Amino acid sequence: MTETPQQTECPSWKLSGQFENDGPVRHVLVDRSPFVVGRRHDVAMTVTDSSVSGCHAELIVRDDNLFVHDLGSTNGTFVNGVRVHDSTQLNPGDLVQFAQVVLRVGVDRPATQCQTLHNDSSDCALALIQFDKLMAERAVTPHYQPIVTMQGEVFAYEVLARSQLFGLSDPKTMFSAAAVLNLEAELSRILRDEGVSGGLPLPGAHLLFVNTHPSELEDVGVLELSLREAREIAPHRPMVLEIHEATATNAEVMRQVRDVLGELCIGLAYDDFGAGQARLVEMADVPPDYLKFDISLVRGIGDAPPERQNMVARLVQMTLELGVIPLAEGVETQADHDACAQLGFACAQGFLYGRPAPVHKIARPAAVD
């Protein structure tokens, strides 16, 4: 019996990434050969970035394989960071760079486990390349989420970082890339400065909650310099510095931080209380101005069993007895808001009151009944 040869599906090569600064992620099929890339409008793929030459490079499909060839561009073509001079073969997951524009090579065909790993690693590599741009150009767009009294009046905003760079859209991905390069503290400082600067148009009397990264507590002197920069940006803005409750365990360090904040007229908040081990006793040594109860304690509290509600109520009462303002994070429903008000919370934050938004899009939320 003669077996019928199994046909192999021809790959459809594509390029993915941001073709313009702050543009959306696009996927472009290499639908011809040669496939010319450049800034001119009559080439196969037009890239408007000024660093790209008119006819920058060409892609050639040969025996189902993809090759890139530089066309004498001014700023060069690179594959995985190495400048190419001759025709160079491309593989799925490779990073091909036309001057300053970095794209990922992909292929439309049934994915294998190996291919999935290829894509994951290349996504990480692309994020690292983009991270360098984020740091150099401070390419972040601060967003602001309202914090309200239990009567629904906005009195503060928390700064939350966002970016339109491919692979670095939120703080989690930003700090993942920063961790590889040991730049978490530097990234945190940039996000804080940009948040304070971007928040200048907000109402002057409103508090601005700004964040720290745990690594910043390793050197209070450097943190102090960063906070002085923030204060110089907005000399009269009431501010509160958020520190994760799990990193606020060294009383001596926290006293130093508290002294610096007092000199700069900046308040203190412990964030994510209850996400790990609650440390009310330790917090009594250096009490904050605000204690932000983690979303894990707040979400669904309106429909929670009495035992859970009583437990949260006791924690709120102990917080108040320490002279600290309890703040509920992650309030998303009216039922949770009503329960938080009944349990004694003084203020709250969550999607019910407003989602994070750029400063120019912020509208005053309606008061909660």
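Colleague: Which residue stands opposite Ile266 in β16?

Modeller: Met239 stands opposite Ile266. Keep in mind that this is a predicted model.

Colleague: How should I read side chains along a strand such as this?

Modeller: In a regular strand, side chains alternate between the two faces of the sheet. Now the pairing here. Strand β15 (residues 239–244) joins β16 through 6 bridges, and the two run parallel.

Colleague: Which strand pairs with β16 over 3 bridges, and in what sense?

Modeller: That is strand β17 (residues 290–293), in the parallel sense. For a landmark, take Ala269: its bridge partner in β17 is Tyr290.

Colleague: Now the helices. How do I describe two that pack?

Modeller: Two packed helices are described by the angle between their axes and the distance between the axes. Here, helix α4 (residues 220–233) packs on α5 at about 20 degrees, with the axes 11 Å apart. Angles under 35 degrees count as roughly parallel, so α4 is roughly parallel to α5.

Colleague: Is the crossing of α4 and α5 left-handed or right-handed?

Modeller: Right-handed, as α4 passes α5.

Colleague: What is the strand order in the open sheet of 5 strands?

Modeller: Read across the sheet: β4-β3-β5-β6-β9, with mixed pairing. The edges are β4 (45–46) and β9 (88–90), each pairing on one side only.

Colleague: In what sense do β6 and β9 pair?

Modeller: Antiparallel, over 3 bridges; strand β6 spans residues 65–70. To find the pairing on screen, look for Val68, which stands opposite Thr88 in β9.

Colleague: Last topic, cysteines. How many disulfides are there?

Modeller: A disulfide is a covalent bond between the sulfur atoms of two cysteines. The count here comes to 0, with sulfur pairs required to lie within 2.5 Å.

Note on methods. Residues are numbered from 1 along each chain as its sequence is written. This is a predicted model: local features need pLDDT of at least 70, side-chain atom pairs count only at pLDDT 80 or more; totals for chains, interfaces and linings use all residues. Side-chain values use heavy atoms; hydrogens and water are left out. Two strands pair if DSSP finds at least two bridges between them. Helices (H or I, at least four residues) and strands (E, at least two) are DSSP runs, numbered from the N terminus. Axes are lines fitted to C-alpha atoms, for helices over the stretch in contact, and angles run from 0 to 180 degrees between N-to-C directions. Angles under 35 degrees count as roughly parallel, over 145 as roughly antiparallel, 65 to 115 as roughly perpendicular and the rest as oblique. A crossing is left-handed if the near helix is turned anticlockwise from the far one by less than a right angle, and right-handed if clockwise.
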